[in-house]
Amino acid sequence: MKIKRSLVYLCLAATLSPLSGAYANRFGSDSIELPDIGTVAGSTLTIDQELIYGDAYMRMLRNSRPIINDPVINEYIDALGYRLVANSDDVKTPFTFFMIRDRNINAFAFFGGYIALHSGLLLHAQSESELASVMAHEIAHVTQRHLARGMEEQARRSPATIAALAGSLLLAIAAPQAGIAAITATTAGSMQSQINYTRSNEKEADRFGIATLAKAGFDVHAMPRFFGRLADEYRYASTPPPMLLTHPLPEDRITDSRARAQQFPSVSVAPSLNYHLTRSRVVARYAGINSEAALDWFKRNQRKADPGMAAAFDYGKALVYLDTKQYDEAESRLKTLLQSHPDNNFYLDAMSDLLVDTERATEAQSMLAQALQRKPNNPVLVINYANALIKDEKFSEAIRILQRYTHERPNDVNGWHLLAEANSRSGNSAEDLAVRAEIFALGANWNKAIQFYTQASQLAPLGSLQQARYDARLDQLMVQRERFLALR
């Protein structure tokens, strides 16, 4: 989406750009000392309003971008993200971390504590600390409310209200041309002034990000190391990544982050197996390469990797064999991995898939039930257990488990999809329609959600509690739709 000379470009491409400008030339001076900008903007956009806009943006992203709804990857990036948030300052919102299937090196943050990572980031970050450095930078953009403050700055120079500016951003995501028209009609600020303002935001995000890395126990030198490697890799490239075309990485940014990192004591951080397992999963399933290329990647990288990370490469190979239905090759590797780490969710998830695919769903249930005794209510295990129950045609038990799961995690589409399958296969048409309506609502498809709940209500016994529940949810969805449309 190319939006030039507009607040959409400035906020989404400058404030929330790839790595939120982590590679952009936005330093106003060579000084390491930064002004304490603080967390203002409360007078223009409240935290509650940010949460409303963030929820709206997230619903639209679910409907427009290839979000990776992988329970194992989600569990890992959540754990990493929450570790960073726990060591961040000025946290005022909940945080939601998710991954988009895109090979471009990219990450961005937006209203309400949402942090998006592109899968390509995992292909280029060589350690957990490098990934954490990007996430810490994005978290700082949220905690310091940079988008809201950018809007406040823009509102000072134009007749637009914050509601008009935020609504135009939302509209631009839904309908780019309409969004551009709305922005053009409501803004008249200076582009250079906005760019200067976002440079201050980037300095602040770097400063807070490195401090967060240090407090969370990561290698603070990972940030300049990651910057420097990317700069060297693409310095003479004829076709660098789109991110570097619009946001070049100058030497002074690398120098500044390196000098800032040197202010903290050096720590030795052991390689993270879970990071490398996540990376292997991305290569095997989300990198857009065929099985031969994936196996070659694992073989080449294993030769130069830390010997202690060998299990991650064996796991990646097992996934490739599993996905290409070479079950014997996959099973022998997974059994070995599980013998050494019987509680590792990466291995349990893959073995569960293998057992289900080879018509051993009962064996998968037994394995997962034992794991759930050790880790009750673990989302990865619950999702896999419910899937095994469905494949074994134990629909009632699966529905009971998934109803609780979706109640506790209403934004996880994995639970809703499995619940829809269980209801459909058990012949419960009304519940199937209601569940599918929830999936539509998560993607901001309000009309479809309302239509499906209306049909579910018509199928339910007249005057029953089931019908009353559907009707009550219908009323809620109608209110949500009106609020959503009002934002635009």
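**Helix packing and local features in a predicted model**

Helix 2 (residues 47–64) contains 18 residues and reaches 25 Å from its first C-alpha to its last, close to the 26 Å expected at 1.5 Å a residue. The expected span is 1.5 Å times one less than the number of residues in the helix. Helices (H or I, at least four residues) and strands (E, at least two) are DSSP runs, numbered from the N terminus. The model is predicted: local features need pLDDT of at least 70, side-chain atom pairs count only at pLDDT 80 or more, and totals for chains, interfaces and linings use all residues. Residues are numbered from 1 along each chain as its sequence is written, and side-chain values use heavy atoms, with hydrogens and water left out.

The chain holds 24 helices and four strands. Of its 488 residues, 56% are buried. Buried means under 20% relative accessible area, exposed over 50%, and partly exposed in between (1.4 Å probe, protein chains only). Among contacts in the chain with a separation of 6 or more, 69% come from residues 24 or more positions apart. Contact means heavy atoms within 4.5 Å.

Helix 2 has buried residues at Glu50, Tyr53, Gly54, Ala56, Tyr57, Met58, Arg59, Met60 and Leu61. Helix 2 packs with helix 24 (residues 465–487) at an angle of about 95°, with the axes 11 Å apart. Axes are lines fitted to C-alpha atoms, for helices over the stretch in contact, and angles run from 0 to 180 degrees between N-to-C directions. Helix 2 contributes Ile52, Tyr53, Ala56, Arg59 and Met60 to the contact, and helix 24 contributes Gln480, Phe484 and Leu487. These residues of the contact of helix 2 with helix 24 divide into six nonpolar, one polar and one charged. Ala, Val, Leu, Ile, Met, Phe, Trp, Tyr, Cys and Pro count as nonpolar, Asp, Glu, Lys and Arg as charged, and the others, Gly among them, as polar.

Helix 17 (residues 345–357) takes part in two packed pairs, with helix 13 and with helix 15. The axes of helix 13 (residues 273–285) and helix 17 come within 11 Å and cross at roughly 35°. On the helix 13 side, Leu273, Asn274, Leu277, Thr278, Arg281 and Arg285 meet Phe346, Tyr347, Asp349 and Asp353 of helix 17. The residues of this contact comprise four nonpolar, two polar and four charged.

The axes of helix 15 (residues 310–323) and helix 17 also come within 11 Å, and cross at roughly 20°. Helix 15 and helix 17 are therefore roughly parallel to each other. Their crossing is left-handed, that is, the near helix is turned anticlockwise from the far one by less than a right angle, whereas clockwise would be right-handed. Ala311, Tyr315, Leu319 and Leu322 of helix 15 make the contact with Phe346, Tyr347, Ala350, Asp353, Leu354 and Asp357 of helix 17. Eight of the residues in the contact of helix 15 with helix 17 are nonpolar, none polar and two charged.

Glutamate 359 occupies the loop between helix 17 and helix 18. Its phi is near 60°, a positive value in a residue other than glycine. Glutamate 359 is exposed, with a relative accessible area of 75%. In helix 18 (residues 361–374), the end C-alpha atoms are 20 Å apart, in agreement with the 20 Å that 14 residues should span at 1.5 Å a residue. Ala361, Ala364, Gln365, Met367, Leu368, Ala371 and Leu372 of helix 18 are buried. Helix 17 and helix 19 are among the elements covering them.

In helix 20, Phe395, Ala398, Ile399, Ile401, Leu402, Tyr405 and Thr406 are buried. The buried residues of helix 20 pack against helix 19 (379–391) and helix 21 (413–425). Asparagine 414 lies in helix 21 and is buried at 16% relative accessible area. Beyond neighbours within four places in sequence, asparagine 414 contacts Asn69, Asp70, Pro71 and Ile383.

Valine 85 belongs to helix 3 (residues 71–85). At 14% relative accessibility, valine 85 counts as buried. Residues up to four places away in sequence aside, valine 85 touches Val91, Phe95, Phe97 and Ile139. Aspartate 90 sits in the loop between helix 3 and strand 2 (96–100). Aspartate 90 has a positive phi, near 60°, and is partly exposed at 34% relative accessibility.

Technical notes
Parallel < 35°, antiparallel > 145°, perpendicular 65-115°, else oblique.
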